[in-house]
Amino acid sequence: MHLYVMTERKVSKVKVQECSVYKSCQTCLGAKDPYCGWCSLENKCSLRSDCLEAAKDPLYWISYRSGRCTTITQVTPNQLQRTTARTLDLVIENLPTLNGQFLCAFTALDRTLITNATRKPYGVNCTTPRTDTLPPIPAGQHHFTAKLSVRTTQGPDFVATNFTFFDCNTYSSCTQCVSSSFPCDWCVDGHRCTHDTAENCRNDILVTGVSRIGPSYRSGPGFCPTINSTSDGTNEILVPSGVKKAIKVKVHIIGQFIVQTRFVCQFNIEGRVTHVNAQLLADTIYCEAVEFTYTSRAPNITASFAVIWGGSKPLDNPDNTHILIYRCNDMADNCGICLALPEKFGCGWCQGSDRCEVQEQCGVPSVWLNRTQTCPNPEIHSFKPQLGPWDGGTNITIEGINLGRNISDIYNGVTIAGIKCQPIIELYVKTRRIVCTVDGPGEEVPRDGPVVVRVADYRGESKHHYAFVNPKINSIQPKYGPQSGGTKLRITGEYLNAGSNIQAFIDDLPCAILSVSHEEAVCRTSHSYQLKMGTLRMRFDNGMRTLEREKFEYIEDPVVVSVESGPPLASQRKQPKGIPSGGINIKVMGRNFHSIQFPQIYVYHDNRPYIAPCHRVDFQTHLICESPGIESAGLNLDPDRPLELEYGFNMDDVQSVQNLTSKTGDAFLLYPDPIYEKFDEDVKYYKSEYLTINGQNLDRACTETDVEVHIGESLCNVTSLARHQLTCRPPSRDELPDGVDTPDVVVKVGRALTYKIGKLSYSSQAGLQAAIGKPVLFGVIASIVILILVFVVFLVMYRRKSTENIRVLKNMQEQMDILELRVAAECKEAFAELQTEMTDLTGDVTGGIPFLDYRTYAMKILFPNIDDHAVLQWERPELIRKDKGLRMFGQLIMNKTFLLLFIRTLESNRYFSMRDRVNVASLIMVTLQSKMEYCTDVLKTLLAELIEKCMESKSHPKLLLRRTESVAEKMLSAWFTFLLYKFLRECAGEPLY
């Protein structure tokens with residue numbers, strides 16, 4: 001069923017349902033579509049009419065009103081060890097009554113295994129596949145989930161659920177084994193995980209899994225022999241590199257299970273495995289001492305650690321207890337950082353070696369400083385700023401080493417030029433950085449001095465001095481800018497980089513600082529709500545400076561009135577044009593352009609801006625901009641349909657000149673680059689006053705002013721530029737440098753596009769002609785005479801041949817006339833005989849016109865010259881045996897997708913002959929004659945494909961449907977045959993007869 005939806009320009013045929021979009025029974029019924037229901041036997045959502053045998057059982061086609069999907073509610077057992085086989089009981093609700101053998105299908109890891117199933121009152125039961133046919137469990141996993149579905153031998157799956165195959169043997173530790181969600185147990189002495197303790201754990205200590213049902217004396221990971229975390233509660237054992245150390249760890253309930261066995265400690269350092277003996281005393285394992293070293297340049301590395309018993313059985317290590325080997329010297333390169341390292345490393349500063357080391361590595365005569373002591377020799381490497389206003393309030397950042405372990409070490413020990421500097425606690429970085437605020441000297445006089453940091457009894461002093469200065473403002477440039485702001489204001493003066501917090505203002509409007517130096521600062525003006533004159537003020541920390549003798553003026557924003565380039569368009573609209581190479585002059589008219597220092601034009605292509613500069617021609621009203629160059633990779637430009645791009649102008653912060661495309665409706669037109677062709681000859685001789693150069697798309701976006709023609713070092717004055725030709729006036733011979741007779745001709749378009757055309761010679765060809773001697777002249781004359789003689793001979797031969805052809809044509813014409821007369825005579829005789837036979841026939845007709853019955857009429861059209869075709873033989877015994885297969889094939893024929901694919905596949909076979917095509921088409925039409933609406937739909941699709949194929953192969957349209965070379969053409973003739981029978985019998989038959 002369809003709805004017809006009408007709009008202003010078309011009528012659409014829309015289905016009222018689309019059942020196929022629902023892929024499961026729940027979603028199909030949940031949609032509550034009255035036309036859709038779940039077809040259980042075919043496992044699809046469909047119309048009732050499209051579901052096979054839907055009327056036989058209410059559960060074959062389930063409507064949304066019932067809401068009862070066929071569902072597997074329980075599988076017993078719901079998971080199974082992969083190495084075993086069991087019979088599964090599947091409880092299935094709303095299982096329809098089905099004929100044939102039930103099957104269980106197990107699908108997992110791209111493999112499907114089938115086993116027989118038996119119908120039971122509660123559902124079905126079936127066995128799992130043989131264990132040797134199951135796929136292996138993927139590496140690193142302990143199970144895989146299979147899709148368990150139930151089907152019959154005659155159809156697809158009609159219900160499915162998940163079923164898990166697991167393997168306890170994949171667990172390598174007791175903790176993982178007994179903590180898993182599968183019924184796995186751990187054999188302590190056997191050091192293995194198993195699902196069958198009776199078979200695999202005889203006379204062994206057993207730890208049962210948490211998923212095992214039933215009472216157990218030892219259940220769960222709490223009964224596994226394990227290595228505990230270290231005494232301080234962490235899973236790290238810290239060892240300095242190069243130190244020999246004995247490792248000890250606590251273990252859990254080993255004494256209950258493991259007695260009189262040898263223990264070994266195993267260390268894996270950078271891939272090198274080391275074993276040492278160990279002893280168990282109470283609940284602690286003591287490993288023999290071993291030296292820990294590594295070659296990597298990293299400050300520390302992690303080494304794995306294990307305790308082995310019974311030769312090859314590692315104790316569980318659930319907390320991943322490991323060894324962390326470190327080098328103090330690689331973690332700190334100075335005393336301050338060394339003493340600030342975490343206490344757990346035990347690092348200190350060895351003054352003898354001047355390195356960060358553990359105490360054991362520092363020689364006995366040397367002094368080793370621990371984290372509670374103070375580093376000597378604080379050093380100041382740099383500080384900024386180095387200038388500040390004598391008003392004070394400057395934040396000074398001091399960088400160095402050994403600048404105190406904490407803020408209290410240096411809080412009262414920082415001075416700047418003899419003035420105390422107050423540290424800022426939040427910005428202090430231990431041993432490396434101090435940020436402090438210094439006050440002014442209290443008098444308006446220059447003053448300078450070093451930066452000094454005192455740490456306990458030690459003192460660090462900077463090499464450079466800090467100076468208190470008096471910043472001054474002398475002038476500004478420019479002295480006006482647009483009201484919208486964005487003007488880069490250049491400020492000149494003295495000590496303009498003094499201080500840590502420098503700000504600028506126009507009256508009360510901020511001017512964002514962009515850069516500062518000793519004699520110059522640059523700031524960016526902000527938007528003003530009115531046109532006005534303003535005073536520049538600058539703040540240097542606590543000091544304020546003002547420029548009184550010069551003012552900055554906010555003037556009106558610039559306005560763009562028109563933008564154009566290239567030749568005028570047919571519509572006379574003014575639009576900017578350009579080429580991918582860029583450099584085309586764009587004329588911009590407007591007002592107030594003098595308020596902008598550096599105007600730019602931009603064009604957006606592929607969400608990327610391309611920018612080019614502009615310059616002022618007239619002070620206020622006229623700009624010339626270059627068209628931006630645009631990456632042409634991947635561009636396929638049509639010269640008749642240029643690419644329309646968004647464009648605008650960057651004029652400080654003026655918004656009104658940005659994105660002009662959306663505001664004016666005019667786009668930037670991008671044409672392909674012009675192409676200038678080289679001269680036909682290597683050297684072109686200068687014959688007249690003008691030089692012509694040919695090409696393509698020369699004036700699409702360009703005018704004469706955009707093109708320069710260079711002849712040597714001189715210019716050729718361009719006089720005209722057309723679509724395919726450029727004309728210019730070359731310089732005279734006298735204007736060329738001496739000794740240059742054949743200068744290069746080069747065409748430049750814009751700024752980046754250059755073509756080398758060839759060479760131009762100013763030498764006359766007269767001298768060349770004078771050099772031709774008499775022998776050459778005689779040779780030319782002789783050649784001309786020979787050519788004339790050859791032409792005369794060819795003319796005579798052609799005349800003879802034409803006369804002979806005329807004679808042969810006349811004889812053929814006479815023979816055709818005689819043949820035409822004979823054919824006319826024979827037609828007259830045959831027509832007379834036909835009239836006699838028709839008279840005899842009509843005289844014999846007494847009971848009406850002898851119409852054939854429908855079956856005979858259709859068989860003569862579909863299968864001519866075959867009286868007893870197989871389609872009329874219903875009682876053949878071999879057909880009874882194939883009844884089921886034919887019925888299922890008939891159902892497939894009623895599937896449009898299958899039928900179209902079936903026909904296309906047959907026609908694509910080169911051995912599929914013309915007779916086979918006619919026969920297949922006739923058989924299909926016999927099947928579809930009772931479903932003419934469906935047949936018409938299929939035929940329309942086939943004819944559309946046939947027409948499209950005819951157009952693609954560029955065959956003559958008149959040949960279509962003439963030769964019946966396809967299945968579609970024969971089906972069309974049969975379609976007309978079926979539909980015209982009634983019309984012929986009731987209306988047209990008698991007049992035609």
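Student: In which loop is aspartate 652 found?

Tutor: The model is predicted: local features need pLDDT of at least 70, side-chain atom pairs count only at pLDDT 80 or more, and totals for chains, interfaces and linings use all residues. Residues are numbered from 1 along each chain as its sequence is written, and side-chain values use heavy atoms, with hydrogens and water left out. Helices (H or I, at least four residues) and strands (E, at least two) are DSSP runs numbered from the N terminus. Aspartate 652 is found in the loop between strand E53 (643–650) and helix H8 (660–664).

Student: Is aspartate 652 buried or exposed?

Tutor: Buried means under 20% relative accessible area, exposed over 50%, and partly exposed in between, with a 1.4 Å probe and protein chains only. Because its relative accessibility is 19%, aspartate 652 counts as buried.

Student: What is the phi of asparagine 320?

Tutor: Most residues other than glycine have a negative phi. Asparagine 320 lies in the loop between strand E26 (313–314) and strand E27 (322–326), and at 48% relative accessibility it counts as partly exposed. Its phi is positive although the residue is not a glycine, with a value near 55°.

Student: What is the omega of the peptide bond from threonine 76 to proline 77?

Tutor: Most peptide bonds are trans. Proline 77 is placed in the loop between strand E6 (71–76) and strand E7 (79–81). The bond from threonine 76 to proline 77 is cis, with omega near -10°.

Student: Which residues does histidine 605 contact, leaving aside its neighbours within four places in sequence?

Tutor: Histidine 605 lies in strand E50 (residues 600–605) and is buried, with a relative accessible area of 11%. Contact means heavy atoms within 4.5 Å. With neighbours within four places in sequence left aside, the contacts of histidine 605 are Tyr610, Ile630, Leu635, Leu643 and Leu645.
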